[in-house]
Amino acid sequence: MTKLNVSNPKVWVVIGVGFAGILILAEVNRRRLKARNSIKQDFGAFIERIELLPFPQPPPPAARLSLSGLSFAIKDNIDVKEYVTGFGSPAWKRMHEAATKTAMVVTALLKNGSTCVGKTIMDEFGLGITGENVHYGTPTNPKLPSHIPGGSSSGSAVAVAAELVDFALGTDTTGCIRVPVAFCGVFGFRPSHGAVSTIGVLPVSQSLDSIGWLARDPSVLHRVGHVLLQIPSIEPKRTRCFVIADDLFQLCNVPKQKTVYVVTKVIEKLSGYQTPKHLNLGQYIASNVPSLKGFIEQSTIQQNGMSTLRALSSVMFLLQRSCTCHTLNIVLG
């Protein structure tokens, strides 16, 4: 075997890569061992244990309630009467009073025979997708203890995966149910926005939030969905309408006429939709959001409402920068 030429840079690259690989393997093994030895009680899924008993069963010969005998947990942004909804944050919990009513979604589950056993950990304020919480601790992923559970509905996913409950409630804004169910190996469902009542649920983004549920057994997922997705027969059907913001096409390279033609043809085949309406979004915002006036006056070159859109973009940029600086101050301070 020939001697290694230590003056050859490639030799040192190979040595460095090999050494880095050894360190990575050692760190992975260390984390796995630490995870096995640090599994908390109930896998750290719960912030608070409670017991909400189901409504009384109907007397025979009536059939048993559809969720009879099942237990469930709820995310810490869902109200329960006489309990403070903590939003995954001890500071938030200290500054707020106990809820005066139980969320409609929880009441519906209790009416159908299931029992609520606790509130689960979530990313603080729902602003996260890893499932980690620096205040209450991160729930342990039952499938892979050395890995994160995913969030923000991390405790709900862990409680289901660890067989602590039959199903759990969570909320999904940008993947907050879909991510943890994938990480923890359970089933989850995020219905369309507005399909399930969010009355009694703390919002992260009211235009995106959706109540969802998680379960190990697809049949349980179906039974819960059958309860929560029932639409009252007395609810009137609403006529829907597409609105085409003509001025926004000036900000992109999408051909307007072709797009409008395609959308119009598609809508013709849908029931319950009106003919598309056209709108100048910039002018609409300018007339309905007076607080933007100061920003609009700084730009008088753009016409037909385009200055409003530019102003709105500036406001959003300033808000994002402010939030970023605030987050850095919290982390570094």
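**Entry 1: residues 12-28.** I looked up the secondary structure of residues 12-28 and found 100% helix and 0% strand. The model I am reading is predicted. I then checked the UniProt record, an unreviewed entry, which lists residues 12-28 as "transmembrane region".

**Entry 2: cis peptide bonds.** Which residues does a cis peptide bond join? I found one between Pro-60 and Pro-61, with omega about 10°. I placed Pro-61 in the loop that runs between strand S1 (46-52) and strand S2 (71-75). I also noted a cis bond from Gly-151 to Ser-152, where omega is near 10°. Ser-152 sits in the loop between strand S3 (115-120) and helix H4 (154-161).

**Entry 3: Phe-43.** I read the phi of Phe-43 as near 60°, a positive value in a residue that is not glycine. Where is Phe-43 found? I traced Phe-43 to the loop between helix H1 (9-37) and S1. The relative accessibility of Phe-43 is 23%, so I wrote Phe-43 down as partly exposed.

**Entry 4: Phe-125.** I found a positive phi at Phe-125 too, about 60°, although Phe-125 is not a glycine. Phe-125 belongs to the loop between S3 and H4, and Ser-152 is also placed in the loop between those two elements.

Methods. Residues are numbered from 1 along each chain as its sequence is written. This is a predicted model: local features need pLDDT of at least 70, side-chain atom pairs count only at pLDDT 80 or more; totals for chains, interfaces and linings use all residues. Side-chain values use heavy atoms; hydrogens and water are left out. UniProt positions are given in the numbering used here, feature names are shortened, and annotations may be inferred rather than shown by experiment. Helices (H or I, at least four residues) and strands (E, at least two) are DSSP runs, numbered from the N terminus. Buried means under 20% relative accessible area, exposed over 50%, partly exposed in between (1.4 Å probe, protein chains only).
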